[in-house]
Amino acid sequence: AKFFAGLRSNKNVELLTATNCDITDTIGDMIVKCLEGNSSLKFLTLDSNSISGEMVVKLIKATMGTKTLEELRVSNQVYRTPGEYVGAITPYPLSP
């Protein structure tokens with residue numbers, strides 16, 4: 001929690017990769033708050049975690065305010081609700 005709270009106001013970090021870290025929707029909410037306030041992060045990779053499709057949409061919407069994030073990678077998500085697999089979501093360009 002402290003990591004993403006600190007990253008929210010960080011002006012230096014441009015790339016963050018948190019692949020295969022067992023990130024869930026609970027942590028996803030913290031990342032959403034981070035993205036809403038961060039103005040330097042350009043590339044975020046969250047591949048191979050446990051984020052739901054609904055949380056992926058929240059992450060994308062969180063970037064609309066700052067418009068800084070250029071690429072969000074969220075492939076290979078295995079959400080722990082039986083039958084839901086978000087593996088089809090691939091890199092999403094966020095700027096023209």
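**Close-up views of a predicted protein chain**

S39 counts as partly exposed because its relative accessibility is 40%, where partly exposed lies between buried, under 20% relative accessible area, and exposed, over 50% (1.4 Å probe, protein chains only). The structure is a predicted model, in which local features need pLDDT of at least 70, side-chain atom pairs count only at pLDDT 80 or more, and totals for chains, interfaces and linings use all residues. Residues are numbered from 1 along each chain as its sequence is written, and side-chain values use heavy atoms, with hydrogens and water left out.

**View 1. The whole chain, as a guide to the close-ups.** The protein chain holds three helices and four strands, and these follow the pattern α-β-α-β-α-β-β when read along the sequence. Here helices (H or I, at least four residues) and strands (E, at least two) are DSSP runs, numbered from the N terminus. Of the 96 residues in the protein chain, 38% count as buried. The chain exposes about 5,500 Å², of which carbon and sulfur atoms supply 55%; such accessible areas come from the Shrake-Rupley method with a 1.4 Å probe, and for residues only the protein chains shown count as cover. Among contacts (heavy atoms within 4.5 Å) between residues at least 6 apart in sequence, 76% join residues at least 24 apart.

**View 2. S39 and its partners.** S39 sits in the loop between α2 (25–37) and β2 (43–45). Which residues does S39 contact, leaving aside its neighbours within four places in sequence? They are K11 and T68. The side chains of S39 and K11 are joined by a polar contact of 3.5 Å, a polar contact being a pair of N or O atoms within 3.5 Å in which, within protein, one must be able to donate a hydrogen and the other to accept it, while residues adjacent in sequence count only if both atoms are side-chain atoms. R8 is 31 residues from S39 in sequence, and the C-alpha atoms of these two residues are 8.1 Å apart in space.

View 3. Rolling a probe the size of a water molecule over the atoms shows where empty space is left. On a 1 Å grid over the protein atoms alone, a cavity is a set of points where a 1.4 Å probe fits but cannot get out, and lining residues have an atom within 4 Å of a point. Grid points are joined across faces, edges and corners, and a volume is the space filled by probe spheres set on the points. A search of the whole structure finds one cavity of 30 Å³ or more, and the largest cavity contains about 40 Å³ of space. Its lining is made up of L35, N38, L41, T63, T66, T68 and L69. These lining residues divide into three nonpolar, four polar and no charged, where Ala, Val, Leu, Ile, Met, Phe, Trp, Tyr, Cys and Pro count as nonpolar, Asp, Glu, Lys and Arg as charged, and the others, Gly among them, as polar.

View 4. T45 lies in strand β2 and counts as buried because its relative accessibility is 15%. Apart from its neighbours within four places in sequence, T45 is in contact with L16, T17, A18, T19 and R73. R73 belongs to strand β3 and, at 32% relative accessibility, counts as partly exposed. The C-alpha atoms of R73 and L44 are separated by 6.3 Å, although the two residues are 29 apart along the chain.

**View 5. Two loop residues with positive phi.** Most residues other than glycine have a negative phi. D22, in the loop between β1 (15–17) and α2, has a positive phi near 55°, and K67, in the loop between α3 (53–62) and β3 (71–73), has a positive phi near 55° as well. Are these residues buried or exposed? D22 counts as partly exposed at 41% relative accessibility, whereas K67 counts as exposed at 65%.

View 6. G6 lies in helix α1 (residues 2–9) and is partly exposed, with a relative accessible area of 38%. Its C-alpha atom is separated by 8.2 Å from that of C34, 28 residues away along the chain. I51, in the loop between β2 and α3, is buried, with a relative accessible area of 0%. I51 and V74 are 23 residues apart in sequence and 8.4 Å apart in space, C-alpha to C-alpha.

Definitions and conventions
1 Å grid on protein atoms, 1.4 Å probe; cavity = no way out; pocket = protein on both sides within 12 Å on 5 of 7 lines; lining within 4 Å.
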